[in-house]
Amino acid sequence: MTNSESIDNNSGEANRLVSLLDEVIASTEHPGETDSVPKLSQLIQEVISLWEKADTEEKRVNLLNIFDLAHRTLLPALEESDLKQRVEDAQSEIYNSFIVSECLIGENVSINRLDRVTRREIAANRMTKEHSLRSTADQGLAAPHLSEDELLEMVAVKKHAATASQPPNPVETIAEASSFVKKIRSAFKLFAN
């Protein structure tokens, strides 16, 4: 299986991503003929859309690889320093949001996941050892923190509390009452004989 197939080739998303990446790369080979920034923007929008659906680490890593390759290819080709800085800032903000979202359990960042993900990113050369998220992971590991299991339990409790506090569904209530009445009638029939 190729990297693009592991994204989601059933809906053609992998082919669309690869095509957009090819367009970004081609735009840097012929500067002035095409504007590469709109192509990069389109690619980023597609990566963000797929990121929200990515349900495995492999899919997320493949998306990060495409995101990283597009920026590494495009940035050296940008001549205008202001534009280059804006693209770098946007890339950094989006990349950080990808990493943080991958480490969320419910509404909380798992320090253990952040540690694993930032180590993976450093090993893949997409992140430096001095990156702020790596520093956050180190600081979090040094301090008392909730384990992944504890965070998962918090999410489960919160989910249960949210469903328990909702008013009862009238259809379910009637069905339960009907079932209860049937049980009472069955019990009376036993005593009637």
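Select Asp115 and Arg134 to begin: their side chains meet in a salt bridge, 2.8 Å from N to O. A salt bridge here is a side-chain nitrogen of Lys or Arg within 4 Å of a carboxyl oxygen of Asp or Glu. This pair links distant parts of the chain, with Asp115 in helix H6 and Arg134 in helix H7, 19 residues apart. Helices (H or I, at least four residues) and strands (E, at least two) are DSSP runs, numbered from the N terminus. Both Asp115 and Arg134 are buried. Buried means under 20% relative accessible area, exposed over 50%, and partly exposed in between, with a 1.4 Å probe and protein chains only.

The model is predicted: local features need pLDDT of at least 70, side-chain atom pairs count only at pLDDT 80 or more, and totals for chains, interfaces and linings use all residues. Residues are numbered from 1 along each chain as its sequence is written, and side-chain values use heavy atoms, with hydrogens and water left out.

Thr118 counts as buried because its relative accessible area is 0%. Leaving aside residues up to four places away in sequence, Thr118 touches Met127, Leu133, Arg134 and Ala137; contact means heavy atoms within 4.5 Å. A C-alpha distance to draw from here is Thr118 to Ser135: 9.4 Å, for residues 17 apart along the chain.

Next, select Ala137 in helix H7, which covers residues 132-142. Ala137 is at 0% relative accessibility and so counts as buried. With residues up to four places away in sequence again left out, its contacts are Ile111, Leu114, Asp115 and Thr118. From Ala137 to Ser110, the C-alpha distance is 9.2 Å across 27 residues of sequence.

Select Glu148 and Arg113, whose side chains form a salt bridge at 3.3 Å, N to O. Glu148 lies in helix H8 and Arg113 in helix H6 (residues 111-123), so the pair links distant parts of the chain, 35 residues apart. Glu148 is buried, with a relative accessible area of 17%, whereas Arg113 is partly exposed at 22%.

Then select Lys158 and Glu107, a salt bridge whose closest N and O atoms are 3.2 Å apart. Lys158 is in helix H8 (residues 148-164) and Glu107 is in the loop between strand E1 (104-105) and strand E2 (108-109), so the pair ties together parts that are 51 residues apart in sequence. Lys158 is partly exposed, at 49% relative accessible area, and Glu107 is exposed, at 67%.

The whole structure holds 17 salt bridges.

**The H6-H7 loop**

Move to Asn125, in the loop between H6 and H7. Asn125 is not a glycine, yet its phi is positive, about 65°. Most residues other than glycine have a negative phi.

**The largest pocket**

Select Asp68, Gln91, Ser92, Tyr95 and Arg126: of the 13 residues lining the largest pocket, these lie nearest its centre. Helix H4 (57-74) and helix H5 (81-102) are the elements that give two or more residues to this lining. H5 gives the most, with four residues. The space in the pocket is about 290 Å³. A pocket is found on a 1 Å grid over the protein atoms alone, as an open set of points where a 1.4 Å probe fits, with protein on both sides within 12 Å along at least five of seven lines; lining residues have an atom within 4 Å of a point. Grid points are joined across faces, edges and corners, and the volume is the space filled by probe spheres set on the points.

Colour the lining by class to see three nonpolar, six polar and four charged residues. Ala, Val, Leu, Ile, Met, Phe, Trp, Tyr, Cys and Pro count as nonpolar, Asp, Glu, Lys and Arg as charged, and the others, Gly among them, as polar.

**The nonpolar core**

Select Leu40, Leu43, Val47 and Ile99, which touch the most other members of the 31-residue largest nonpolar core. Such a core is a set of buried Ala, Val, Leu, Ile, Met, Phe, Trp, Tyr and Cys residues joined through side-chain atoms within 4.5 Å. Helix H2 (13-29), helix H3 (36-53), H4, H5, H6 and H7 each supply at least two of its residues. Around Val47, show Leu17, Leu63, Ile66, Phe67 and Phe98, its contacts when residues up to four places away in sequence are not counted.

**The whole chain**

Zoom out to nine helices and two strands. Of the 193 residues, 32% count as buried.
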